[in-house]
Amino acid sequence: MLIGTTNTTTREAQFASTPRGARHARHLAVRWMEEWGHPPVSDASCAVALVVGELAANAVRHGRVPGRDFRIRLVHDELSALVRVEVADAASGKRRPPVAPPVTCPDGESGRGLFLVDVLAVRWGWGPRRPVGKTVWAEVPCEERCGERCDTDVPCEERHDADVPSGERRCDAEETDPSPAYNL
């Protein structure tokens, strides 16, 4: 990721190390994504919201130090079409996140957070936070994909060129009206 280039925008905020603070962090991340052109219902915004929610919940549950807050930082890089999510807590280095997402029991009530992060992020990891604590980060793709209609996972600009045959759906084409069942 090209952090610090002219095509990046950074937002940071600090929250109480409580479940309510984690929820506020997730809502603020969705607002920042909307400022960056990704509506709340977009895949990119939903993915970032899930990653922020999981990492913030982990910071509250596993990285909480009484009297200390946690901090989130989002870096939107237009050039690489990534959003870097960073969640920092004050827990000592003894409470390190696993190197890989844990394998969980399908019927378990917890343990899927880092698995979701691993699925949604291009890459993720952690590092020490100075002067104390750790920062867990994930890089989430934020370019919109063509989806089912194009039946591909290749970004729109790579798949569609100027001479698209008529009848083939372009990603920027008008959407058809959704089924009445979805008009709630």
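Reader: Let's start with a pairing: which residue in strand 3 is the bridge partner of V75?
Author: That would be R84. Keep in mind that this is a predicted model.

Reader: Thanks! And how do strand 2 and strand 3 pair, parallel or antiparallel?
Author: Antiparallel: strand 2, residues 70-77, pairs with strand 3 over 7 bridges. Their hairpin has 4 residues between the strands, and A81 takes a positive phi near 55° there.

Reader: Is strand 3 mostly covered or mostly open?
Author: Mostly covered: 8 of its 8 residues, 82-89, are buried. L82, R84, E86 and A88 point one way, while V83, V85, V87 and D89 point the other way. In general, side chains in a regular strand alternate between the two faces of the sheet.

Reader: Switching to hydrophobics: how many residues are in the largest nonpolar core?
Author: It has 33 residues, and V83 and V85 are among those with the most contacts inside it. Helix 2 gives the largest share of this core, with 9 residues.

Reader: Now the charges. Which residues form salt bridges with R73?
Author: E12 is one, with the closest N and O atoms 3.8 Å apart. That pair links strand 2 to strand 1, across 61 residues. R73 also meets E86 in a salt bridge at 3.3 Å, N to O.

Reader: Why does R73 count as partly exposed but E86 as buried?
Author: The cut-off for buried is under 20% relative accessible area. R73 is at 23%, so it counts as partly exposed, whereas E86 is at 13% and therefore buried.

Reader: What about R84 and E86, buried or exposed?
Author: Both are buried, and they form a salt bridge with the closest N and O atoms 2.7 Å apart.

Reader: Last one: which residues are linked in a network of salt bridges?
Author: E12, R71, R73, R84, E86, R123 and E139. In total, the structure holds 8 salt bridges.

Note on methods. Residues numbered from 1 in each chain as written. Predicted model: local features only at pLDDT ≥ 70, side-chain atom pairs only at ≥ 80, totals over all residues. Heavy atoms only, no water. Buried < 20%, exposed > 50% of the residue type's maximum accessible area, 1.4 Å probe, protein only. Helix = DSSP H or I, 4+ residues; strand = E, 2+ residues; numbered from the N terminus. Pairing = 2+ DSSP bridges. Core = buried A, V, L, I, M, F, W, Y, C linked by side-chain atoms within 4.5 Å. Salt bridge = Lys/Arg side-chain N within 4 Å of Asp/Glu carboxyl O.
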